[in-house]
Amino acid sequence: MALYKIQRQLYGVDNWEDENEGQTYTSFKEAKEEIKEFIADCQLACHLGYMTDYPKYSEFRIKKIG
């Protein structure tokens with residue numbers, strides 16, 4: 001069974017970092033929902049004044065592993 005992990009783009013052309021310290025997901029859809037939920041939480045934090053900006057979906061990628 002394939003596993004998926006979420007990576008976030010750092011500065012540079014092809015520079016990615018694993019998110020959630022090795023957390024894996026059993027489906028692409030599950031990983032995608034995790035990204036959407038994270039961004040929604042960040043948007044709320046911005047609205048409440050706890051953050052000044054939030055990440056874009058394009059800053060993330062889902063990579064198939066195993």
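Reader: Why does Arg-8 count as partly exposed?

Author: In this predicted model, Arg-8 has a relative accessibility of 24%. The word buried is kept for values under 20% and the word exposed for values over 50%, so Arg-8, at 24%, falls in between and counts as partly exposed.

Reader: What makes the pair of Glu-59 and Arg-8 a salt bridge?

Author: The closest N and O atoms of Glu-59 and Arg-8 are 3.4 Å apart, and the cut-off for a side-chain nitrogen of Lys or Arg and a carboxyl oxygen of Asp or Glu is 4 Å, so the pair qualifies as a salt bridge. Glu-59 sits in the loop between H1 and E3 while Arg-8 belongs to strand E1, and the pair therefore ties together parts that are 51 residues apart in sequence. Glu-59 is itself partly exposed, because its relative accessible area is 24%.

Reader: How many salt bridges are there by this rule?

Author: The count comes to three. Among them is the one between Lys-5 and Asp-18, whose closest N and O atoms are 3.2 Å apart. Since Lys-5 lies in strand E1 and Asp-18 in strand E2 (residues 16-18), this pair ties together parts that are 13 residues apart in sequence. Asp-18 has a relative accessible area of 36%, and therefore counts as partly exposed.

Reader: Is Gln-7 buried or exposed, and how do you know?

Author: Gln-7 has a relative accessibility of 6%, and because the limit for buried is under 20%, Gln-7 counts as buried. Its place is in strand E1 (residues 3-9). Leaving aside neighbours within four places in sequence, Gln-7 is in contact with several residues, including Trp-16, Glu-19, Phe-60 and Lys-63.

Reader: Which side chains make a polar contact with the side chain of Gln-7, and what makes these pairs polar contacts?

Author: The side chain of Gln-7 pairs with that of Asp-18 at 2.9 Å and with that of Arg-61 at 2.7 Å. The limit for such a pair of N or O atoms is 3.5 Å, and both distances are within it, so both pairs are polar contacts.

Reader: Which residues make up the largest nonpolar core?

Author: There are eight residues in all, namely Tyr-4, Ile-6, Tyr-25, Ala-31, Ile-35, Ile-39, Phe-60 and Ile-62. Each of E1, H1 and E3 supplies at least two residues of this core, and the largest share, three residues, comes from H1. In soluble globular proteins, nonpolar side chains tend to be buried together. One of the core residues, Tyr-25, is in contact with Ala-2, Asn-20, Glu-30 and Glu-34, among other residues.

Reader: What makes Leu-48 count as buried or exposed, and where is Leu-48 found?

Author: Leu-48 is found in the loop between helix H1 (28-47) and strand E3 (60-65). Its relative accessible area is 52%, and because the word exposed needs a value over 50%, Leu-48 is exposed. Together with Leu-44, Tyr-50 and Met-51, Leu-48 forms a nonpolar patch on the surface, with about 450 Å² of accessible area together.

Reader: In what order do the elements of the protein run?

Author: The protein has one helix and three strands, and from the N terminus on they run β-β-α-β. Of its 66 residues, 23% count as buried.

Terms used. Residues numbered from 1 in each chain as written. Predicted model: local features only at pLDDT ≥ 70, side-chain atom pairs only at ≥ 80, totals over all residues. Heavy atoms only, no water. Helix = DSSP H or I, 4+ residues; strand = E, 2+ residues; numbered from the N terminus. Buried < 20%, exposed > 50% of the residue type's maximum accessible area, 1.4 Å probe, protein only. Polar contact = N/O pair within 3.5 Å; in protein donor to acceptor, adjacent residues only side chain to side chain. Contact = heavy atoms within 4.5 Å. Patch = residues over 30% accessible without salt bridge, like charges linked within 9 Å, V, L, I, M, F, W, Y side chains within 5 Å. Areas by Shrake-Rupley, 256 points an atom, 1.4 Å probe, with all protein chains shown as cover. Core = buried A, V, L, I, M, F, W, Y, C linked by side-chain atoms within 4.5 Å.
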